[in-house]
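Here's a quick tour of one structure, taken piece by piece. Have the sequence and the 3D view open as you read.

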Amino acid sequence: MHEEMRLAKRDEYQELEAFLERAFGHSRGFYARNFPNRRAKAKNWSLIIRKQSGIIGNVTTYPLDIKIGPSVVTVGGIGSVGVDPGSRGQGYMGRLMERSIEIMAEKQIPLSVLWGDRQRYNHLGYETCGHKYRLEFTRRSLERAGIRPMEVEEADKQDPALAEKLKKLHETLDYRVMRGSIELLLARPQVRVFTGGESYLISINETRGDLIIQEIVSPEGKEAELILGAMEWTNGQKASLEMEAVASPAHARLAAASSSWTIGPQGMFRIINWPKLCEALSPYFAHKAKDLPPFEIAIGCTWKENRQMATLVWDGSKFLTVPGRETEKYIELEGPVLAATLFGGPCAYNNSLGLFEKLLPVPIHIPNIDHI
């Protein structure tokens with residue numbers, strides 16, 4: 001039977017969502033209800049395999065602009081990886097993933113991320129890495145830290161002024177996904193927004209009780225007070241919050257009020273274009289290297305038959321990335337190992353990278369609410 005692999009057409013999105021609901025066992029209309037921003041993000045990026053009977057496989061790439069301190073990196077987020085139950089075991093998922101990686105390379109996207117089973121995606125060049133903290137709070141831990149609840153209210157998500165307020169406050173974060181539109185995210189049914197003063201908190205529990213905090217922003221330094229105020233609003237006893245693994249005054253305030261914390265991976269990352277990734281990260285590297293003496297190192301990123309090299313140069317005032325090997329000191333790493341080395345993880349390269357090692361790991365944060 002004839003089959004073709006291609007990008008989905010605009011008039012196929014409704015059919016594609018129905019296919020994914022069947023493939024994953026979701027209820028009818030699941031995507032339209034729970035992910036109203038999906039179609040906007042998936043535009044021109046849903047790769048399908050179609051037979052005469054209809055769509056039998058899909059992988060969608062969602063480009064995300066990630067702010068990492070002074071750097072911005074475009075990341076290809078992989079989601080909606082689905083194959084018709086009757087067509088599994090025939091290599092369709094691997095073919096779709098390989099072609100999606102090729103498309104990202106063609107479009108000069110330097111990095112990709114997904115969330116899934118390590119054994120399933122590691123052979124495609126992805127590695128579990130990146131660090132994030134998960135902080136747990138209880139009424140007892142907050143009160144023992146001397147926290148008083150902030151007076152809060154649950155915001156009306158349909159209020160246009162709310163979207164504008166959240167957008168401006170969100171832009172104060174140094175580590176974040178740069179969202180094009182907050183309105184579609186707010187339209188998700190499980191999202192709740194609590195505001196107090198010039199601060200906001202987003203949780204994803206629809207019913208009364210404990211908070212599952214996706215994001216908290218408080219230029220006033222009242223993060224813990226806002227959490228306790230929102231807990232009182234929902235009659236909750238506990239709250240959880242995931243944050244980037246970066247030392248900051250906000251982290252110190254929240255850690256002091258937490259009952260416990262753990263650290264875990266951000267996701268599975270794959271380096272698509274190593275020189276482009278280094279170029280995008282150069283402002284961050286320059287910021288981190290400001291107290292280091294000059295150095296230079298060439299690093300090769302290999303995957304199967306492909307080798308990409310970049311020379312990294314810190315002259316004491318500027319950080320430069322030069323494609324290729326332009327210095328004697330050279331280290332070559334397989335792509336998954338280099339990703340773990342760059343972003344942090346148990347599979348990281350353990351030998352010396354010279355002074356460049358002082359700049360690692362690079363903190364990257366993609367809140368669960370921005371997962372695709």
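At the start of helix H11, a side-chain oxygen of Asn273 comes to within 3.0 Å of the backbone nitrogen of Lys276. Keep in mind that this is a predicted model.

From there, H11 covers 15 residues and spans 19 Å from its first C-alpha to its last, close to the 21 Å expected at 1.5 Å a residue. There's a kink of about 50° along the way, at Ser282, shortly before the proline Pro283.

## What H11 hides

Which residues of H11 are buried? They are Trp274, Pro275, Leu277, Cys278, Ala280, Leu281, Ser282, Tyr284 and Phe285. As background, an α-helix has 3.6 residues a turn, so residues three or four places apart point the same way.

## The largest nonpolar core

Nonpolar side chains in soluble globular proteins tend to be buried together. Here, the largest nonpolar core has 45 residues, and the members touching the most others are Ile68, Leu111, Trp274, Phe285, Leu342, Phe356 and Val362. H11, residues 274–288, supplies the largest share of this core, with seven residues.

Leu342 is a handy place to look around. Leaving out residues up to four places away in sequence, Leu342 touches Trp274, Leu277, Leu281 and Phe285, along with Leu360, Pro361 and Val362.

## S10 and its two partners

Now for strand S10, residues 199–203. Why call it largely enclosed by the rest of the structure? Because five of its five residues are buried. Ser199, Leu201 and Ser203 point one way, Tyr200 and Ile202 point the other way, and all are buried.

S10 pairs with strand S9 (residues 192–196), running antiparallel through five bridges. S9 and S10 make a hairpin with two residues between them, and Gly197 in the turn has a positive phi of about 60°. Strand S11, residues 211–217, also pairs with S10 in the antiparallel sense, over four bridges.

Thr195 stands opposite Tyr200, and in S11 the bridge partner of Tyr200 is Val217.

## A look at Thr302

Thr302 sits in strand S14, which runs over residues 295–303. Is Thr302 buried or exposed? It counts as buried, because its relative accessibility is 16%, and the cut-off for buried is under 20%.

What does Thr302 touch, not counting residues up to four places away in sequence? Its contacts are Arg307, Glu332, Leu333, Glu334 and Gly335.

Notes
Residues are numbered from 1 along each chain as its sequence is written. This is a predicted model: local features need pLDDT of at least 70, side-chain atom pairs count only at pLDDT 80 or more; totals for chains, interfaces and linings use all residues. Side-chain values use heavy atoms; hydrogens and water are left out. A nonpolar core is a set of buried Ala, Val, Leu, Ile, Met, Phe, Trp, Tyr and Cys residues joined through side-chain atoms within 4.5 Å. Buried means under 20% relative accessible area, exposed over 50%, partly exposed in between (1.4 Å probe, protein chains only). Contact means heavy atoms within 4.5 Å. The expected span of a helix is 1.5 Å times one less than its number of residues. The bend at a residue is the angle between axes fitted to the seven residues ending there and the seven starting there. A polar contact is a pair of N or O atoms within 3.5 Å; within protein, one must be able to donate a hydrogen and the other to accept it, and residues adjacent in sequence count only if both atoms are side-chain atoms. Two strands pair if DSSP finds at least two bridges between them.
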